[in-house]
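Please open the model in the viewer and keep the sequence at hand.

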Amino acid sequence: EGRLEITIAFQANDNKGSLSIQVDDSGKGFDIENRQMSTDEDSFGRGIDLLNTLCDSVTYSNNGTRVEVKYTIEPD
C-alpha cells in the first residue's frame, strides 16, 4: 500500500518547450549518492541511468522520495 503523485507541467518558449515531471512516492526513499550503478545483468535500477541520459536535468529530494526531471522539446 502506498501513494504515488505525479505532477506534469509544460511551458512554451518561442520555438521550443520545456516539460517538467515531478514524482512523489510515499515509500521510504533511497540514498541517491550511495546507489550502485546498474549493469546489463541487473533487473532493476536502470531507470535512473535512462533518466540521466534522456533528460536535461534530474533532481532528487525529500530523502529520495521525490524526483523532478526537465526535458526540452525542440522541433526538428
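Is Arg66 buried, exposed or partly exposed? Arg66 is partly exposed, because its relative accessible area is 28%, where buried means under 20% relative accessible area, exposed over 50%, and partly exposed in between (1.4 Å probe, protein chains only).

This is a predicted model, in which local features need pLDDT of at least 70, side-chain atom pairs count only at pLDDT 80 or more, and totals for chains, interfaces and linings use all residues. Residues are numbered from 1 along each chain as its sequence is written, and side-chain values use heavy atoms, with hydrogens and water left out.

**The whole chain**

Colour the protein by secondary structure. Along the sequence, the pattern is β-β-α-β-β. Of the 76 residues, 14% count as buried. Among contacts (heavy atoms within 4.5 Å) with a separation of 6 or more, 40% are between residues 24 or more positions apart.

Select residues 4–13, which form strand 1. The number of buried residues among its 10 is zero, so strand 1 lies largely in the open. Strand 1 pairs with strand 2 in the antiparallel sense over 10 bridges; two strands pair if DSSP finds at least two bridges between them. One point to select is Ala12, whose bridge partner in strand 2 is Gly17. The two strands form a hairpin with two residues between them, and Asp14 in the turn has a positive phi of about 50 degrees.

Then select Leu4, Ile6 and Ile8, which make a nonpolar surface patch of about 330 Å². Patches are made of residues with over 30% relative accessible area and no salt bridge: like charges are joined within 9 Å, and nonpolar side chains (Val, Leu, Ile, Met, Phe, Trp, Tyr) within 5 Å. Leu4 belongs to strand 1 and counts as exposed, because its relative accessibility is 55%.

**Strand 2 against strand 4**

Move to residues 16–25, strand 2. Strand 2 runs antiparallel to strand 4, with eight bridges joining them; Gly17 has Ile73 as its bridge partner in strand 4. Within strand 2, select Gln22. Its side chain makes a polar contact with the side chain of Asp24 at 2.9 Å; a polar contact is a pair of N or O atoms within 3.5 Å, of which, within protein, one must be able to donate a hydrogen and the other to accept it, and residues adjacent in sequence count only if both atoms are side-chain atoms. Beyond four places in sequence, the contacts of Gln22 include Glu5, Thr7, Arg66 and Glu68.

In strand 4 (residues 66–73), select Lys70. Lys70 is partly exposed, because its relative accessibility is 38%. Lys70 and Leu19 are 51 residues apart in sequence, yet their C-alpha atoms are 5.6 Å apart. Leaving aside neighbours within four places, Lys70 is in contact with Leu19, Ser20, Cys55, Asp56 and Ser57.

Select residues 57–61, strand 3, which runs antiparallel to strand 4 and is joined to it by five bridges. Val58 has Val69 as its bridge partner in strand 4. The hairpin has four residues between the strands, and Asn62 takes a positive phi near 55 degrees. Thr65, in the loop between strand 3 and strand 4, is buried, with a relative accessible area of 15%. A polar atom of the Thr65 side chain lies 2.8 Å from the backbone oxygen of Asn62.

**Two salt bridges**

The structure holds two salt bridges, each a side-chain nitrogen of Lys or Arg within 4 Å of a carboxyl oxygen of Asp or Glu. One joins the side chains of Glu5 and Arg3 (3.4 Å, N to O). Glu5 is partly exposed at 40% relative accessible area, and Arg3 is partly exposed at 45% relative accessibility.

Finally, return to Arg66, which forms a salt bridge with Asp24, the closest N and O atoms being 2.5 Å apart. Arg66 lies in strand 4 and Asp24 in strand 2, so the pair ties together parts that are 42 residues apart in sequence. Asp24 is buried, with a relative accessible area of 8%.

Key: Accessible areas come from the Shrake-Rupley method with a 1.4 Å probe; for residues, only the protein chains shown count as cover.
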